[in-house]
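This briefing describes the arrangement of helices and strands in one structure. Please keep the sequence and the structure in view while reading.

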Amino acid sequence: MSKEKIQEEKILHPASGYAMMFIGIVGMLLGIAFMVLGPIFGSLSGSGFLIGVGITLGIIVETAAIILLCGLKVLNPNEAYVFTVFGKYYGTLKKPGFFWVNPFCSAINPIIKGAPIVTSNGGRNVSISTGGREKKVSLKAMTLDNKLQKVNDQLGNPVEIGAVVIWRVVNPTKAVINVENYKNYLSIQCDSIIRNTARQYPYDTSEDGDEKSLRGSSQEIADIMGRELQQKVEEAGIKIQEVRITHLAYAPEIASAMLQRQQAAAIIDARQKIVEGAVGMVEMALNKLNENDIVELDEERKAAMVSNLLVVLCGNKDAQPIVNSGSLY
């Protein structure tokens, strides 16, 4: 089957399952009646031919009724069937309800095919084949929890990043035919997108703060990841609804050093604010003293006053006042 044919989804409009179930049950009863009444009437009339015709016709009708009933399908909301007939794409059923389709159709879903169910039996894990499970494709919104990845940011610093992807299948035909396993395909593409995007931005903003960063622009970075991931999974019939960064931190080997760096930067910023405020307060005090003519200070006294005020305002501990009862000189 060519790639161009599977890009267009064929929506099936099957017959009602209730009517076909009634016809199938009637056919099975007729088949039983032929197999029972044929030998009875043949025995009464002494005709072996009538017995053979009754049994043969009953077997044919019974087999046809059983094959007819094999085409009954039940579909729940937000689910879909993708059918093939003898290796060729037949159509997709999305409408929920009870329907009848071609009995020779087979539903395909690479995720369920060959995937074992692991159960516990007396402390041992037992794998059970899923060959008999209904191969429906879920159209519900699902979550992909991308585990932590260690990548290098734009500056080469190793960081740990994790994300959650909210997604759903919108084209089940593409999902089961274009790719081998659409869930694995999405997971691998998500890993690749997160790694490539994280390498393009620094963990934190620089001093000028103009560029985007993983920490400061996390939502914008997540939106970029979502757009790039949507382009990659378009072929698989998947719609990316949302991408969110759930974990972001420096790698453990540099976390301590980066913490000290952040603490030093915070201390410098705090000291700068304190000094700016202290200088403003000293300037205001000198201006008020001069305006109100409270005391006349020469340059030497002003310098001493400025020094004392800066020590008091910029110190880490409360100043201990010393009362001078004599002259300043």
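**Residue N78 and its surroundings**

N78 touches V137, S138, L139 and K140, leaving aside residues up to four places away in sequence; contact means heavy atoms within 4.5 Å. This is a predicted model, in which local features need pLDDT of at least 70 and side-chain atom pairs count only at pLDDT 80 or more, while totals for chains, interfaces and linings use all residues. Residues are numbered from 1 along each chain as its sequence is written, and side-chain values use heavy atoms, with hydrogens and water left out.

- N78 is located in the loop between β2 and β3 (79-85); helices (H or I, at least four residues) and strands (E, at least two) are DSSP runs, numbered from the N terminus.
- N78 counts as partly exposed because its relative accessibility is 44%; buried means under 20% relative accessible area, exposed over 50%, and partly exposed in between (1.4 Å probe, protein chains only).
- A distance of 9.7 Å separates the C-alpha atoms of N78 and V169, which are 91 residues apart along the chain.

**The sheet β1-β5-β2**

- Three strands form this open sheet in the order β1-β5-β2, with antiparallel pairing; two strands pair if DSSP finds at least two bridges between them.
- β1 (15-16) and β2 (72-75) are at the edges with a single partner strand each, so one side of each has no neighbour in the sheet.
- β2 pairs with strand β5 (residues 97-100) in the antiparallel sense over four bridges, and K73 stands opposite F99 in β5.
- β1 and β5 are also paired in the antiparallel sense, over two bridges, and A15 stands opposite W100 in β5.

**The sheet β10-β11-β12**

- Another open sheet has three strands in the order β10-β11-β12, and the pairing is antiparallel.
- Its edge strands are β10 (142-152) and β12 (238-250), each of which pairs on one side only.
- Neighbouring strands of this sheet are turned by 20° against each other on average, direction ignored; axes are lines fitted to C-alpha atoms, for helices over the stretch in contact, and angles run from 0 to 180 degrees between N-to-C directions.
- β10 and strand β11 (residues 158-169) run antiparallel and are joined by nine bridges, and M142 stands opposite W167 in β11.
- α5 packs on the sheet and touches β10, β11 and β12, its direction making about 35° with that of β10.
- α6 lies across β11 and β12 and runs at about 140° to β12.

**The helix pair α5 and α6**

- Helix α5 (residues 182-198) packs with helix α6 (residues 218-233) at an angle of about 140°, and their axes are 10 Å apart.
- That makes α5 oblique to α6; angles under 35 degrees count as roughly parallel, over 145 as roughly antiparallel, 65 to 115 as roughly perpendicular and the rest as oblique.
- In α5, the residues Y185, L186, Q189, C190, I193, I194 and T197 meet I221, M225, E228, L229, K232 and V233 in α6.
- By class, this contact of α5 with α6 has nine nonpolar, two polar and two charged residues; Ala, Val, Leu, Ile, Met, Phe, Trp, Tyr, Cys and Pro count as nonpolar, Asp, Glu, Lys and Arg as charged, and the others, Gly among them, as polar.
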